[in-house]
Amino acid sequence: MTHASRIDIDLGAIEHNTLALRSLAGPGQTPPALCAALKKNAYGLGVVPIAHRLMRLGVQMLAVYSDDEAAELVSKAITLPILVLSPLHTVDRTDVLYRHLIADRLHLSIHDLDQLKAVSELGHRFGLRVPIQPYIDTGMSRSGLSPGQFHEMMNRLADYPFVRISGVYTHMATADDRPEFTEAQFERFTAAVEQEQSRLPQGVTLHAANTFTCFRDRRYHLDMIRPGLGIYGYGPEWLQPGSTIDDAPTLRPALRWLSQLTHIQRYPSGTPVGYGSTHTLERDSVIGIVPVGYADGYPVALSNLGVVRIKPTLDTDATLCDCRVLGRVSMDQITVDLTDLVGQHDVGNLMGAEVEIYSSDPAAPNAPSRLARMIGTHTYELLTRLSQSITRHCVG
């Protein structure tokens with residue numbers, strides 16, 4: 001059987017969100033540059049078509065985690081500058097990234113002095129000044145230069161003539177739910193930068209704002225914003241109480257996951273369902289099989305909790321019907337309760353019916369953000385765990 005699922009990626013929504021994030025600068029202000037975070041295959045959505053759409057929109061920079069992710073973009077004719085967020089020490093002349101490096105379009109995050117030395121040696125080897133962006137850790141505590149180490153780096157920068165500082169950045173840890181900590185991080189960052197202002201080159205790009213930070217305060221936008229989740233239409237719904245930008249635009253979720261009903265069976269009341277018999281039918285029921293499971297990225301934690309929506313007819317305007325997931329999520333299938341649906345439609349017409357696993361409607365019960373809250377995780381996880389074996393179909 002061919003894979004009965006597909007993921008629709010709405011590039012029109014990607015475009016809407018990108019322009020909406022740019023508009024956060026406010027009336028009469030110059031919009032900050034935009035660096036789109038495309039880590040982990042664009043958060044699971046499919047990086048290449050999204051990167052090409054962003055390039056056509058005039059986005060100034062892309063950010064990825066690793067050299068492998070950067071190489072994929074360069075190999076697919078992406079010519080935008082790319083910021084590699086993880087520590088990268090070297091590039092070989094035979095690497096795909098070599099031509100991006102010598103074209104001054106590969107920007108390397110600097111996390112410590114040993115890496116700075118290695119990058120300067122890389123520039124010396126190829127006869128160029130590598131664009132670097134020191135990453136100042138202001139409270140994330142997982143990598144990067146402390147403000148003191150950044151000061152030490154600036155003191156020793158003359159020893160490394162084959163690099164040039166193109167940007168300086170930090171990353172906010174709690175902008176979704178602790179805005180006071182975000183403010184403290186911002187103050188640490190600006191203090192560290194101001195201390196070195198006379199030694200930083202003209203035109204250096206300062207950036208600190210991830211998606212959540214973008215919506216908190218325009219002061220945080222600096223020279224460039226660096227949204228990830230917001231590009232794909234998620235984020236503001238996670239903001240906890242605290243100050244936010246009053247006239248912020250609405251984002252449009254870009255992902256919709258679809259499958260179909262492949263089997264329908266009647267069972268009497270009292271029948272246990274699935275591995276571990278974690279659900280027992282409380283009435284005579286009609287159960288449908290949908291061929292998606294945890295191997296496809298549907299969380300086991302949604303066992304007996306998840307909701308899918310089913311289109312019972314071929315009518316394009318047909319109302320989607322909510323159906324509960326029963327029993328434990330299996331590796332390659334889930335069982336859903338069709339009993340109420342069969343009461344309104346002929347069971348024979350339901351075979352092959354379209355099943356919406358994740359909705360692009362943020363108000364739907366199967367919207368990724370709502371499902372994530374249900375099981376105590378985040379939209380990031382639901383998106384990035386989607387199997388790469390599922391076809392991504394671009395629309396819009």
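## Close-up views of rings, charges and a surface patch

**View 1. Arg178 lies over the face of Phe181.** The distance to the ring centre is 4.9 Å, where a charge counts as over a ring if NZ of Lys or CZ of Arg is within 6 Å of the ring centre and within 35 degrees of the ring normal. The charged end of Arg373 sits over the ring of Trp238, 4.0 Å from its centre. This is a predicted model, in which local features need pLDDT of at least 70 and side-chain atom pairs count only at pLDDT 80 or more, while totals for chains, interfaces and linings use all residues. Residues are numbered from 1 along each chain as its sequence is written, and side-chain values use heavy atoms, with hydrogens and water left out.

**View 2. Tyr43 and Tyr232 form a tilted ring pair.** Rings of Phe, Tyr and Trp (its six-membered ring) pair if their centres lie within 6.5 Å, with planes under 30 degrees apart counted as stacked, over 60 as edge-to-face and the rest as tilted; by this rule there are eight aromatic pairs. The centres of Tyr43 and Tyr232 are 5.0 Å apart and their planes stand at 40 degrees, so the pair is tilted. This pair links distant parts of the chain, 189 residues apart, with Tyr43 in helix 2 (residues 39-43) and Tyr232 in the loop between strand 10 (224-225) and strand 11 (255-260); helices (H or I, at least four residues) and strands (E, at least two) are DSSP runs, numbered from the N terminus. Ring pairs link Tyr43, Tyr232 and Tyr380 into a cluster.
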